[in-house]
Amino acid sequence: MNLTHPDLIRDIARTYAEAGADIVQTNTFGASPLKLAEYGLSSRTVEINNAAVTVVREAVGSDIIVSGSCGPSGKILEPYGNGKPQEIQDSFFQQMEAQIKAGVDVICIETMIDLNEAKLAIQAAKSVHSEIPVIVTMTFDKTPKGFFTIMGVDIKSAANALAEAGADIIGSNCGNGLNHMIEIAQEFMAITKLPVIIQSNAGLPEIKAGNINYNETPEYFAERIGKLISAGVSIIGGCCGTTPRHIKAIRRAVDGRRSGTSL
Ligand SMILES: [Zn+2]
């Protein structure tokens, strides 16, 4: 889409900027060579990431931060799967190098479930450019014993290990909706000194009449965003199912808090 429909991507980015976002992400979640190989496109990694960054920058200008989205490699690291650490780090490196050369302001490593993969991604980003700010967010599910990623990482382990590995901003994205994210945010804030980022899904996806639906509306977000702000979260965004209207609701809540009006 970055190569074949850049106008569409540009329009989407502009819509989010107009909704009041301070940061807009690139359409590159799956644009690492390892993921692109699943579509026979790994040889076009540089071209795709370059185009993705360029269209967002054209849409939002220089006042808005462009964040380079980097999702999981799709490989499970040895010994649980066949992913080799060097191969995964190289894959992140190629994607991030293309994004940084194209002018992203920050790298966002997201939807991570494996701490070791997240660490390889941080190393890749910092070896491309030691000064590039790196955001890392992991995806947690609530269990009777607390929040864990699918690979069994809890929030405390994530917060400590990601900080030690050199992440500049840490937190969570995706997940099961805003109420869980408020709890996750509070746990992160109790453990880490780093700025915390939360990008919640608009609830869990449900299939209705062949369409994917998310039940947390912008109004639902508006009612709860104050709790994320009160928890001390530094960056609030949206993940699956959120729309420019959700971002507008977040913008209003943040501005309301800044100007001292009640939420
Ligand atoms: Zn998501």
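Visitor: In which helix do Asp7 and Arg10 both lie?
Guide: Asp7 and Arg10 both sit in helix H1, three residues apart, which is about one turn of the helix. Helices (H or I, at least four residues) and strands (E, at least two) are DSSP runs, numbered from the N terminus. Before we go on, this is a predicted model, where local features need pLDDT of at least 70, side-chain atom pairs count only at pLDDT 80 or more, and totals for chains, interfaces and linings use all residues. Residues are numbered from 1 along each chain as its sequence is written, and side-chain values use heavy atoms, with hydrogens and water left out.

Visitor: What does Asp7 form with Arg10?
Guide: Side chains of opposite charge can pair when their charged atoms come close. Here Asp7 makes a salt bridge with Arg10, and their closest N and O atoms are 2.6 Å apart. The term asks for a side-chain nitrogen of Lys or Arg within 4 Å of a carboxyl oxygen of Asp or Glu. The structure holds 14 salt bridges.

Visitor: At what angle do H1 and H3 cross?
Guide: Two packed helices are described by the angle between their axes and the distance between the axes. The axes of H1 and H3 cross at roughly 45° and come within 8 Å. That makes H1 oblique to H3. Axes are lines fitted to C-alpha atoms, for helices over the stretch in contact, and angles run from 0 to 180 degrees between N-to-C directions. Under 35 degrees counts as roughly parallel, over 145 as roughly antiparallel, 65 to 115 as roughly perpendicular, and the rest as oblique.

Visitor: Which residues of H1 and H3 meet?
Guide: From H1, they include Pro6, Ile9 and Ala13, and from H3, Val55, Val56 and Ala59 are among them. Contact means heavy atoms within 4.5 Å.

Visitor: How far apart are the axes of H3 and H4?
Guide: Helix H3 (residues 45-60) packs against helix H4 (residues 85-102) with axes 8 Å apart, at an angle of about 40°. H3 is therefore oblique to H4. Thr45, Val46, Asn49, Asn50 and Val53 of H3 meet Gln94, Gln95, Ala98, Gln99 and Ala102 of H4.

Visitor: What about H6 and H7: at what angle do they pack?
Guide: Helix H6 (residues 155-164) and helix H7 (residues 178-191) pack at about 50°, their axes 10 Å apart. They are therefore oblique to each other. In this contact, H6 contributes Ile155, Lys156, Ala159 and Asn160, while H7 contributes Ile184, Glu187, Phe188 and Ile191.

Visitor: Now the backbone. Which residues does a cis peptide bond join?
Guide: Most residues other than glycine have a negative phi, and most peptide bonds are trans. The cis bond joins Glu78 and Pro79, with omega about 5°. Pro79 is in the loop between strand E2 (65-70) and H4.

Visitor: And what is the phi of Cys174?
Guide: Cys174 has a positive phi of about 70°, although it is not a glycine. Cys174 lies in strand E7 (residues 169-174).
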